[in-house]
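Please look over the structure below before reading on.

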Amino acid sequence: MSLENAIVHFCRNNCSFTLQEIENFLKGDFNLRNGIVADYLEESGIIFKKEDKNKVEYLTRNVFFREFKFRVIPTDYEIENGILIPGHRFLPFCGPELIPSEIVLIDVHSGTQLKSKKISEKVEDLYKYHYLLGADSIIDNFVAEDPSNKNIIGKNPRGEVNIWVFDFENIYKRQEFLENKTLIAQVDDWETGTYKLSIAEPNDRDYEETILFMETLEQSLFKVFEKDGPYLDISEQLARAYFLSNDPILKKPLLAIDEFIAMSEKIKIKYFEQNTLLWHKCDDELTWKPSRYSHDEIFSISNGNISSLDEILKDLGLAITSADIKILFKKSHGKKNIEEILLKLIPFSSIKFKDKAQEASFKNFLEELYEESQK
């Protein structure tokens, strides 16, 4: 067994430990170079490092995330087709080496493992289910799911790729699902990506608790930004945010991750050195200056659909798509006033948003689409 494998084996079989404990375990079989174990643990994606004033302790992520619950909200497309596209929905609640198709879902209602099936879909239509993975990981995952996808990725954005999805036809037919259209996943095994899946109770989100969840996760992400800068991918940023907070409110399934990002007025997806990450929304140049932001505003959940720009447009009764808007943005010739560009397509003055949260999400999506169209 190599040193690396021995370290991984020890981490998997110990809930928490100190550097001295793991070094004592390894010394019998390996001649340890000074600092080699600490360096490996520093970069490991299967443990968290907990630093107190007089002690450094390591905690396995499998133990930390066990029994965490989180929300999954299927789109109309998925419900109509009886499927669930795993994509980025299980971040950061699974091991870093897993691809979406390796995730295992256990239906709490029947006690059985949900089956998967392969579908073909356009790359551009799958983006909203995968964008939190980052551009490189999306490509890697598609190719890992079906090697033939490499003939499409990067060559034909309107081409179709083959991906594995879950068969949810029977779940979507249940009366309790039709009342809420929301799912709850509970982590059974973080490392293998195994989850217990149930249908959420109607009106199960408490307004004040949801606001607290939003604020807590945002504040913890600010700590990650300040400590680690813009050098982690989104899954790792979220994982460390959950760990640094360790607040019980984050174990409650109050907001889906993509729902949280869509609604936040303080955090958005940005690009830095070819990496996709979360960052302060107000930092246009992606500078890394600790403690320059105010975090006293709170945002609430929306009564409208905010899962994607297309879903919002549909919810507002507008007979246009994000593809139509992107074409218009590309022809904007440098204009930066989004409302002015879209006047011919969208009568902003007559739009009736469900609430401020939906309006903010709508504007966030438009800004991101505009930035994407100008590249």
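Predicted model: local features only at pLDDT ≥ 70, side-chain atom pairs only at ≥ 80, totals over all residues.

Residues are numbered from 1 along each chain as its sequence is written, and side-chain values use heavy atoms, with hydrogens and water left out.

## Pockets and cavities

Rolling a probe the size of a water molecule over the atoms shows where empty space is left. On a 1 Å grid over the protein atoms alone, a cavity is a set of points where a 1.4 Å probe fits but cannot get out, and a pocket is an open set with protein on both sides within 12 Å along at least five of seven lines; lining residues have an atom within 4 Å of a point. Grid points are joined across faces, edges and corners, and a volume is the space filled by probe spheres set on the points.

| Space | Volume |
|---|---|
| Largest pocket | about 1800 Å³ |
| Second largest pocket | about 910 Å³ |
| Largest cavity | about 70 Å³ |
| Second largest cavity | about 50 Å³ |

The largest pocket has a lining of 48 residues, and Glu124, Tyr127, Lys128, Lys326 and Glu372 lie nearest its centre. Among the elements that give two or more residues to this lining are helix 5 (76-81), helix 6 (123-130), helix 14 (322-330) and helix 16 (356-373). Helices (H or I, at least four residues) and strands (E, at least two) are DSSP runs, numbered from the N terminus. Helix 6 gives the most to the lining of the largest pocket, with 7 residues. By class, this lining has 21 nonpolar, 10 polar and 17 charged residues. Here Ala, Val, Leu, Ile, Met, Phe, Trp, Tyr, Cys and Pro count as nonpolar, Asp, Glu, Lys and Arg as charged, and the others, Gly among them, as polar.

Around the second largest pocket there are 38 lining residues, of which Gly95, Pro96, Glu97, Leu98 and Asp233 lie nearest the centre. Two or more residues of this lining come from each of helix 1 (3-12), helix 3 (36-43), helix 7 and helix 11 (234-245). Helix 11 provides the largest share, 5 residues. The lining of the second largest pocket divides into 19 nonpolar, 9 polar and 10 charged residues.

How many cavities of 30 Å³ or more does the structure hold? There are 3. The lining of the largest cavity includes Tyr131, Asp258, Ile267, Asn364 and Glu368. Helix 12 (257-263), strand 12 and helix 16 are the elements that give two or more residues to this lining. Its residues divide into 6 nonpolar, 1 polar and 3 charged.

The second largest cavity is lined by residues including Arg71, His88, Leu132 and Asp258. Strand 4 (69-72) and helix 12 each supply at least two residues of that lining. By class, the second largest cavity is lined by 5 nonpolar, 1 polar and 3 charged residues.

## Two helix pairs

Two packed helices are described by the angle between their axes and the distance between the axes. Axes are lines fitted to C-alpha atoms, for helices over the stretch in contact, and angles run from 0 to 180 degrees between N-to-C directions.

Helix 2 (residues 19-27) packs with helix 3 at an angle of about 120 degrees, and the axes are 10 Å apart. Helix 2 is therefore oblique to helix 3; angles under 35 degrees count as roughly parallel, over 145 as roughly antiparallel, 65 to 115 as roughly perpendicular and the rest as oblique. In this pair, Leu19, Ile22, Glu23 and Leu26 of helix 2 meet Val37, Ala38 and Leu41 of helix 3, where contact means heavy atoms within 4.5 Å. The contact of helix 2 with helix 3 has 6 nonpolar, no polar and 1 charged residues.

For helix 1 and helix 3, the axes come within 11 Å and cross at roughly 65 degrees. Leu3, Glu4, Ile7, Val8 and Cys11 of helix 1 make the contact with Ile36, Tyr40 and Leu41 of helix 3. By class, this contact has 7 nonpolar, no polar and 1 charged residues.

## Backbone details

Most residues other than glycine have a negative phi, and most peptide bonds are trans. The peptide bond from Leu91 to Pro92 is cis, with omega near -5 degrees. Pro92 sits in the loop between strand 5 (83-84) and strand 6 (104-107). Lys181 is not a glycine, yet has a positive phi of about 55 degrees. The loop that holds Lys181 runs between helix 9 (175-180) and strand 10 (183-189).
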